[in-house]
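This report walks through one protein chain, from its overall make-up to single residues. The sequence and the structure are shown first.

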Amino acid sequence: MIFFDLPTTTSKDIKNYSKFTKTIKKSGYIMSQYSIYTKLVVSPKCADLEENFIKKICPTEGNVQLLIVTEKQFASIVYVIGENKSKILNTIDKIVWI
């Protein structure tokens with residue numbers, strides 16, 4: 001999971017924000033909420049590669065945080081208000097892409 005808070009006050013900031021979000025979307029990340037994106041990876045080694053990738057592409061200004069959770073932990077998210085509007089079906093057994 002990527003959590004970020006990037007500045008958008010100047011035109012340069014907006015350009016950096018847009019470039020970052022476009023890059024992570026092209027890389028397979030899906031928006032869960034504004035400034036929160038998720039991606040399923042198959043192993044801890046792949047998670048390490050993603051971490052290095054994000055470190056290379058993140059803007060120099062702002063705050064970008066990464067959180068690695070297991071499939072089981074991700075599937076146990078409780079929606080207190082609203083609903084899961086993504087195209088991901090969560091179960092305790094697996095996350096299934098449709």
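Three helices and six strands make up the secondary structure of the chain. Read from the N terminus, the elements follow the order β-α-β-β-α-β-α-β-β. The model is predicted, and its mean pLDDT is 86, with 84% of the residues at 70 or more. Residues 94-98 have a pLDDT below 50; in the model, this stretch has 16 contacts beyond near neighbours in sequence.

The chain has 98 residues, and 20% of them count as buried. Of the contacts between residues at least 6 apart in sequence, 49% join residues at least 24 apart.

**The nonpolar core**

Which residues form the largest nonpolar core? This core has eight residues, namely I2, F4, L6, F20, I24, Y29, Y37 and I54. Strand β1 (2-5) and helix α1 (11-26) each supply at least two residues of this core.

I2 is a member of the core. Leaving out residues up to four places away in sequence, I2 touches F20, I24, Y29, S35, I36, Y37, I54, V64, Q65 and L66. Among these contacts of I2 are F20, I24, Y29, Y37 and I54, which also belong to the core.

T21 lies in helix α1. Is T21 buried or exposed? T21 has a relative accessible area of 7%, so it counts as buried. With residues up to four places away in sequence not counted, T21 touches F4 and Y37, and both of these are listed in the core.

**Salt bridges**

How many salt bridges does the model contain? The count comes to two.

E50 counts as buried because its relative accessibility is 16%, under the 20% cut-off. K39 has a relative accessibility of 26%, so K39 counts as partly exposed.

E51 forms a salt bridge with K55, and their closest N and O atoms are 3.0 Å apart. E51 and K55 are separated by about one helical turn because they are four residues apart in helix α2. E51 has a relative accessible area of 28% and is partly exposed, whereas K55 reaches 54% relative accessibility and counts as exposed.

**Loops and surface**

Two residues of the loop between β2 (30-33) and β3 are described here. S35 is found in this loop, and its phi is near 65°, a positive value in a residue other than glycine. S35 is also one of the residues that I2 touches. Y34 has its place in the loop between β2 and β3 as well. With a relative accessible area of 74%, Y34 is exposed.

L40 sits in the loop between β3 and α2. At 31% relative accessibility, L40 counts as partly exposed.

| Pair | Separation in sequence | C-alpha to C-alpha distance |
|---|---|---|
| L40 and I68 | 28 residues | 9.8 Å |
| Y34 and F3 | 31 residues | 9.0 Å |

Where on the chain is there a nonpolar patch on the surface? V78, V80 and I81 form such a patch, and together they have about 400 Å² of accessible area. V78 is placed in the loop between α3 (71-75) and β5 (88-90). The relative accessibility of V78 is 66%, so this residue counts as exposed.

Key
Residues numbered from 1 in each chain as written. Predicted model: local features only at pLDDT ≥ 70, side-chain atom pairs only at ≥ 80, totals over all residues. Heavy atoms only, no water. Buried < 20%, exposed > 50% of the residue type's maximum accessible area, 1.4 Å probe, protein only. Contact = heavy atoms within 4.5 Å. Core = buried A, V, L, I, M, F, W, Y, C linked by side-chain atoms within 4.5 Å. Patch = residues over 30% accessible without salt bridge, like charges linked within 9 Å, V, L, I, M, F, W, Y side chains within 5 Å. Areas by Shrake-Rupley, 256 points an atom, 1.4 Å probe, with all protein chains shown as cover. Salt bridge = Lys/Arg side-chain N within 4 Å of Asp/Glu carboxyl O. pLDDT = per-residue confidence, 0-100.
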